[in-house]
Amino acid sequence: MSTKQKILIVDDDDNIAELISLYLTKECYDTRIVSDGEAALEEFESYRPNLVLLDLMLPGIDGYQVCREIRAVSSTPIIMLSAKGEVFDKVLGLELGADDYMEKPFDSKELVARVKAVLRRCKPVLKEEPQSDVKMVSYPDLTISLTNYSVTYMGANIDMPPKELELLYFLASSPNHVFTREQLLDQIWGYEYMGDTRTVDVHIKRLREKIKDHPNWGITTIWGIGYKFETRP
């Protein structure tokens, strides 16, 4: 019998937290609730969730800082929850490493759909996944393996959240092919994703911070269209 996937709910509104827990429990997830940032970090270590639902406005340590600290040690997917609807707040959350962002109030079915979508995307990270086909691309000083979700750059292992790695692998698998932002959203995030094309730009920015352009290759912006992984003589 498979073990239930665990979801850590971090929200200081008890009614909302309990409601989220009820929705997810009905979908056969194991949930745990905490109401502040410090407790979230402690519980993350002991509970070891498969996904974190993280409210931004928390007493003490806010959700942004909690996200920073989790990302410093783990690639566990994070969905941020907030009543804030400003583009700045969404972009900041994504830049800090969140995998998705939902505005309150939200529909219960949409929340469950997003949780399932994020967990499905991250599923290959689990050790019990069979590794039948080797999916790997290599360039000078860069190796990207989708089989074991690893990136080696300039001889060093690069820690990278699943969607960043999938985006890099997808681009590098089709060198010099231009993809629109909409195509990349569809390929990496899937048709269920509710976000916009700015999500792609944020992830490209984070990739460029970790993987600098090389004399033989680089991620190139095609203005007004999208991106490509360009190889050079």
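**Entry: ground rules.** The model is predicted, so I noted that local features need pLDDT of at least 70, that side-chain atom pairs count only at pLDDT 80 or more, and that totals for chains, interfaces and linings use all residues. Residues are numbered from 1 along each chain as its sequence is written, and side-chain values use heavy atoms, with hydrogens and water left out.

**Entry: aromatic pairs.** I found four aromatic pairs in the structure. Rings of Phe, Tyr and Trp (its six-membered ring) pair if their centres lie within 6.5 Å; planes under 30 degrees apart are stacked, over 60 edge-to-face, and the rest tilted. Y153 and W217 make an edge-to-face pair, with 6.2 Å centre to centre and 70° between the planes. Y153 belongs to strand β8 (residues 150-153) and W217 to strand β11, so the pair ties together parts that are 64 residues apart in sequence. Helices (H or I, at least four residues) and strands (E, at least two) are DSSP runs, numbered from the N terminus. Y153 and W217 are both buried; buried means under 20% relative accessible area, exposed over 50%, and partly exposed in between (1.4 Å probe, protein chains only). I then looked at F170 and F179, which form a tilted pair with 4.7 Å centre to centre and 50° between the planes. Both F170 and F179 are buried.

**Entry: the sheet.** I traced an open sheet of three strands in the order β10-β12-β11, with antiparallel pairing. Strands pair if DSSP finds at least two bridges between them. The edge strands, β10 (179-180) and β11 (217-222), each pair on one side only. β11 and strand β12 (residues 226-231) are joined by six bridges. I checked I219 and found that its bridge partner in β12 is F229. Helix α6 (residues 162-173) packs on the sheet and touches β10, β11 and β12; contact means heavy atoms within 4.5 Å.

**Entry: helix α2.** Which residues of helix α2 (residues 37-47) are buried? I listed G37, A40, L41, E43, F44 and Y47. Their cover includes β1 (6-10), β2 (30-34), β3 (51-55) and α3 (63-71). Just after α2, R48 takes a positive phi of about 50°. The charged end of K6 sits over the ring of Y47, 5.2 Å from its centre. The cut-offs here are NZ of Lys or CZ of Arg within 6 Å of the ring centre and within 35 degrees of the ring normal.

Key
Axes fitted to C-alpha atoms, helices over the stretch in contact; angles between N-to-C directions.
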